[in-house]
Structure formats: structure tokens, C-alpha cells
Amino acid sequence: FPSHDTDEEIHYYLAYCHYGVKDMLLASYFFESFVQNFPKSSKREEAYFMSAYCLYKESPRYSLDQTSTKKAIEKLQAFADYFPESKRVQEATKLIDELRSKLESKLFAQAMLHYGRMEYTSAITTFEVLMADFPDTQRRESIYLLIIQAQKSYADKSIRSKRKERYEEVLKYYTKFAKEFRNQEMAGKAAILNSESQKLRDFYSQIGNQ
């Protein structure tokens, strides 16, 4: 009968064999199985990291389904939490940031698709989810401007009885975001949209009072 050490070695090299032929899902499975079956192994930390790293390698470009990306993030974070003193934590953190950037790009693309189809409320909702999930996004000012533009376009295309309240939403978004703008060009565009919306809000308010 094979010894425990032999079982461990076979399991370890089997995982790397799948990794070597780029079967990342099976490799991740066997690395995770190694972690569970050999909890006292000196290779446990390495196997734990590799089970997550294989999922990272499986993550597709942002335009495709991101299920494996989310799983990879969870696994890498679990590794960092479980082995906080590991030399691989810095690498795991870097990989998490890369994967999160991919998820952000996916959400941004979805929002822009809604925007391009003139589905303005869906675009605004998706932009707001993006900013909630990725508060440090580099797209922050661009997204603010896009939300204001989307709400203004939504108001422009609304039935007359709804325009006043929807232009008021533009003003609310502008007030909320104005202090955040650092880019002068974006700040200028947002201010113009706000001014136009204010005039239109007042115009439809007067019509409603007649």
C-alpha cells in the first residue's frame, strides 16, 4: 500500500499536471482537495494559493460571464485572510485588484449599453451600483457626468406632465455631485446641463400653474 507521503506527493503533482496542461478548473479542484486532505502538509499554503490562482487564470475578458472572476476574488481573499503573514499576500492583493477592475469594466459596459439604448433609468441605476461597489473608481467624475446627462435626456424625452419633476432630479444630481468635480471640462459640462435643466424646470412649472 502507498504511504501517506506518497499519497500527498501524488495529489500534489496531479494538481500541477492539470495546471501544466492549462486545465485550470481541475487544477484548482485538486489543489483545494490537497488542502483539505493534507492539513499538516508543508505545501498547504502553496496549494491554497494555487487553488485560487487557477481560478484567476480561468477568469475571462470583462465582456464575458464573470462567475469565475467572482469565485477567484473570494478564494484569493480567503487565502489572504487565512495566511496573513504569507509572502504571497501582496500578490494575492494585486490579483484581487486586477479582477475587481475587470468587474468594474463589466458594469461600466452594461451601464453604457443601457445609455446607448436610451434606457436612461437602467443606466443611472447601473452607474450608481458601480460607484457603490467600486468607490475608488478612476471613472468617478465621468460617471457623475453621465448620470446627469442620462437624467437630462430622460427628462427631455418624458411626457410633458413628467418633465418638471424629472428636470428637478437633474438639479438634485448636480447638487450632489458638483463638489466632486475636479476636471474643469467635466465641471463645465455638468454646470451647463444644470443651468438648462433649471430653466426647463421653471418653464414647465409655469405651464403647470396656468
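Predicted model: local features only at pLDDT ≥ 70, side-chain atom pairs only at ≥ 80, totals over all residues.
Residues are numbered from 1 along each chain as its sequence is written, and side-chain values use heavy atoms, with hydrogens and water left out.

The protein chain contains nine helices and zero strands, where helices (H or I, at least four residues) and strands (E, at least two) are DSSP runs numbered from the N terminus. The order of elements from the N terminus is α-α-α-α-α-α-α-α-α. The radius of gyration is 25 Å, well over the 17 Å given by the globule rule for 210 residues, so the chain is more spread out than a compact globule. This radius is taken over C-alpha atoms, and the globule rule is 2.2 Å times the number of residues to the power 0.38. The C-alpha trace spans about 95 × 30 × 25 Å along its principal axes. Of the 210 residues, 43% count as buried; buried means under 20% relative accessible area, exposed over 50%, and partly exposed in between, for a 1.4 Å probe and protein chains only.

Helix H8 comprises 18 residues, 160–177, and reaches 26 Å from its first C-alpha to its last, close to the expected 26 Å at 1.5 Å a residue. The expected span is 1.5 Å times one less than the number of residues in the helix. The buried residues of H8 are Arg163, Arg166, Tyr167, Val170, Leu171, Tyr173, Tyr174 and Phe177. These residues cover an arc of only 160° around the axis, which puts them on the same side of H8. The arc is that of the directions from the helix axis to the C-beta atoms. On the face of H8 turned away from the buried side lie the exposed residues Ser161, Lys172, Thr175 and Lys176.

A salt bridge was assigned where a side-chain nitrogen of Lys or Arg is within 4 Å of a carboxyl oxygen of Asp or Glu. By this rule the count is eight. In one of these, the side chains of arginine 139 and glutamate 104 meet at 2.8 Å, N to O. This pair links distant parts of the chain, 35 residues apart: arginine 139 belongs to the loop between helix H6 (120–133) and helix H7 (140–156), and glutamate 104 to helix H5 (residues 89–116). Arginine 139 is partly exposed at 26% relative accessibility, whereas glutamate 104 is buried at 10%. Arginine 139 also lies over the face of phenylalanine 108, at 4.6 Å from the ring centre. For such a contact, NZ of Lys or CZ of Arg must be within 6 Å of the ring centre and within 35 degrees of the ring normal. The charged end of lysine 43 likewise sits over the ring of tyrosine 12, 5.1 Å from its centre.

Helix H9 (residues 184–209) holds both glutamate 185 and lysine 189, four residues apart and thus separated by about one helical turn. An α-helix has 3.6 residues a turn, so residues three or four places apart point the same way. The side chains of glutamate 185 and lysine 189 meet in a salt bridge of 3.5 Å, N to O. Glutamate 185 is exposed, with a relative accessible area of 56%, and lysine 189 is partly exposed, with 41%. A further salt bridge joins the side chains of aspartate 202 and arginine 201 at 2.7 Å, N to O; aspartate 202 is partly exposed at 36% relative accessibility. Lys152, Asp156 and Glu196 are linked in a network of salt bridges.

A search of the whole structure finds 23 aromatic pairs. Rings of Phe, Tyr and Trp (its six-membered ring) pair if their centres lie within 6.5 Å, and planes under 30 degrees apart count as stacked, over 60 as edge-to-face and the rest as tilted. Among the pairs is that of tyrosine 16 and tyrosine 19, which is edge-to-face, at 6.1 Å centre to centre and 85° between the planes. Both tyrosines lie in helix H1 (residues 4–20), three residues apart, about one turn of the helix. Tyrosine 16 is partly exposed at 24% relative accessibility, as is tyrosine 19 at 23%. The rings of tyrosine 173 and phenylalanine 177 have centres 5.9 Å apart and planes at 25°, so this pair is stacked. Tyrosine 173 and phenylalanine 177 are four residues apart in helix H8, or about one helical turn. Tyrosine 173 is buried at 13% relative accessibility, and phenylalanine 177 is buried with a relative accessible area of 3%.
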